Amino acid sequence: MTRTNWLIEIVCLIQTKGNPKWIQSASATDRLRGATQTMIYVIRNPRDVLVSGYFFLDKTNLIKNLESLKTYFEWFLKGNAIYSLVTKAAS
């Protein structure tokens, strides 16, 4: 849920015409009560996905012997990166 906090806050600010007090004082369920259902489609910049994925894998050692960013980029373009499924779904 922490990755969506910024999105929840932005939507709440839009709904309340910029009232930050309401976001801080109302629980998530209170904020959703009576709200019209709308789908919001969020897509990340592929460059951000590439760089974030590379450094995440480098720091966590999920892939041993992670090569250069250039090699990871080529791997990413072929659809072999962890987050590349998201990129494929968006295209």
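Val42 is partly exposed, with a relative accessible area of 43% (buried means under 20%, exposed over 50% and partly exposed in between, with a 1.4 Å probe and protein chains only). The model is predicted, so that local features need pLDDT of at least 70 and side-chain atom pairs count only at pLDDT 80 or more, whereas totals for chains, interfaces and linings use all residues. Residues are numbered from 1 along each chain as its sequence is written, and side-chain values use heavy atoms, with hydrogens and water left out.

The secondary structure of the protein chain comprises six helices and zero strands, where helices (H or I, at least four residues) and strands (E, at least two) are DSSP runs numbered from the N terminus. Along the sequence, the elements accordingly follow the pattern α-α-α-α-α-α. Of the 91 residues in the protein chain, 16% count as buried.

Val42 is located in the loop between helix H3 (28-32) and helix H4 (46-60). In space, its C-alpha atom lies 9.0 Å from that of Leu7, although the two residues are 35 residues apart in sequence. Val42 also contributes, together with Trp6, Ile10, Ile14 and Ile40, to a nonpolar surface patch of about 500 Å². Patches of this kind are made of residues with over 30% relative accessible area and no salt bridge, nonpolar side chains (Val, Leu, Ile, Met, Phe, Trp, Tyr) being joined within 5 Å and like charges within 9 Å. The accessible areas come from the Shrake-Rupley method with a 1.4 Å probe, and for residues only the protein chains shown count as cover; a salt bridge is a side-chain nitrogen of Lys or Arg within 4 Å of a carboxyl oxygen of Asp or Glu.

Another loop, between helix H1 (5-15) and helix H2 (20-25), contains Lys17. Most residues other than glycine have a negative phi. Phi of Lys17, by contrast, is positive, with a value near 55°, and Lys17 counts as exposed because its relative accessibility is 78%.

Two packed helices are described by the angle between their axes and the distance between the axes. H4 and helix H5 (residues 69-77) pack at an angle of about 120°, with their axes 10 Å apart, which means that H4 is oblique to H5. Here axes are lines fitted to C-alpha atoms, for helices over the stretch in contact, and angles run from 0 to 180 degrees between N-to-C directions; angles under 35 degrees count as roughly parallel, over 145 as roughly antiparallel, 65 to 115 as roughly perpendicular and the rest as oblique. The crossing of H4 and H5 is right-handed, the near helix being turned clockwise from the far one by less than a right angle (anticlockwise for left-handed).

Two residues of helix H4 may be considered in turn, Arg47 and Val51. Arg47 is exposed, with a relative accessible area of 63%, and its C-alpha atom is separated by 9.5 Å from that of Phe73, 26 residues apart along the chain. Val51 is partly exposed at 36%, and the C-alpha atoms of Val51 and Tyr72, 21 residues apart along the chain, are separated by 9.3 Å.
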